[in-house]
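Morning, everyone. I'll take a few minutes on one model, so please have a look at the screen.

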Amino acid sequence: MKKSLLALAAGAFALGFAEFVVMGIITNVAAGVGVTVPEAGGFISAYAIGVCFGTLILVFGHNIAPKKLLLLFMALCCAGNALAAVSPDAATLTVARFVSGMPHGAFFGTATIVAKALAEKGQESRAVAVMVLGQTLANTLGVPFGTLLAGLVSWRAAFAFVAAWALLSLALIARLVPEVAAVASKGFANQFRFLGRPGPWVVLGAVFLGNSGIFCWWSYVSPWLETIGGWSEAVLPALLVLAGAGMVVGSQLGGQVGDRLTPGWAAAIGQAVSCASMLLIFAFSGSRAGSAALMFLCCVGLFFPSSPQQLAMVEVGRGGGEMIGSACVQVAFNGGNAVGASIGQAVLDAGLAYNYPALVGAPIAAAAVALLCIYALRFEREYHQASA
């Protein structure tokens, strides 16, 4: 099981790297294809749109064996990033980013099903957390490495690297991941039947609001560290590695707590950690030690709910919508990222300091905590017992 999960984690690393590396090399990319930095933000949006459209692969491919789907997703990731590496202009790069984003949510939805199927009884959340670990390591190691590649070689080298990694991940999945039965099909329409109940919308609302709140601040973490924390630009890569370490710790803690409690309560705890830390960031981040410690704590909370939320959506999707339900978490996650960044930008455009986005984001994250508590109290017992 461990080798299989590590193969899934390798695929998650490729997708996490592809998603976030642009944020570290956006200046290089903009100069390389002849656009301004704000215009280059469209490359981030193109990826997010691809994530949403890619979920349709699961709608029409729900009868396909999960392993074959995972191989398809890695092939798309490889192709999209290879195209990005050789893109001659902004239009081509936009298309490449859209293709790169297509497998993202679909991969995590499918990989969650596979990890759950491979896990021993009572260790499902931990198994999913191992898979998600790849995405957190992409933030810890991949993004700083991609930024270094862009500086030493070219921004194109960063995309070439992730294309090669996706190809390696494809080979690992082909060799190490066993065949897992496709989700039992009860007809095309039955995939969406679970969305007619309130439970899944409560969870997805929590994912969307939670990430909207956190990304109000996280989208501008580098200037926050410099202007509020007092750090120099030279040490930012090391601090971002520290942030990534917090994400790794959070994802593994979420897996442990998710198996001991229930997905809903575990996600609520993690979201509450982020909410509280953002209030502390606003009030007490005016020192180097304080800013570093609070950044680490908030990043623990950011990825703490990851595997519990994925499993919660598998539970609510039982009866044919499991993969779509899990994939929707990534759609809500990316939607929250985009909205949160826009809210944070509005706060900064108003002339407020870089700690104020955390203050604005905290009540949004608190709403996510409330939704997760409602889910755990009102809906989860029925879903959790049915999936046991």
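Which residues does Phe 159 touch, leaving out those up to four places away in sequence? Val 21, Val 22, Ile 25, Val 29, Asn 81, Ala 84, Ala 85 and Arg 97. Contact here is heavy atoms within 4.5 Å.

Ground rules. This is a predicted model: local features need pLDDT of at least 70, side-chain atom pairs need 80 or more, and totals for chains, interfaces and linings take in all residues. Numbering starts from 1 along each chain as its sequence is written, and side-chain values use heavy atoms, without hydrogens or water.

Confidence next. pLDDT is the predictor's confidence per residue, from 0 to 100. The protein averages 85, and 94% of residues score at least 70. Helix 7, residues 155-176, has the highest mean of the elements, 95. Helix 3 has the lowest, 74. Helices are DSSP runs of H or I, at least four residues, numbered from the N terminus.

Now the core. A nonpolar core is a set of buried Ala, Val, Leu, Ile, Met, Phe, Trp, Tyr and Cys residues joined through side-chain atoms within 4.5 Å. Buried is under 20% relative accessible area, exposed over 50%, partly exposed in between (1.4 Å probe, protein chains only). The largest core has 102 residues. Leu 8, Phe 107, Phe 159, Trp 217, Trp 218 and Met 295 touch the most other members. Helix 1, residues 2-33, gives the most, 17 residues. Apart from this lies another core of 5, including Ala 206 and Leu 372.

Last, Leu 56. It lies in helix 3. Thank you.

Key. Helix = DSSP H or I, 4+ residues; strand = E, 2+ residues; numbered from the N terminus.
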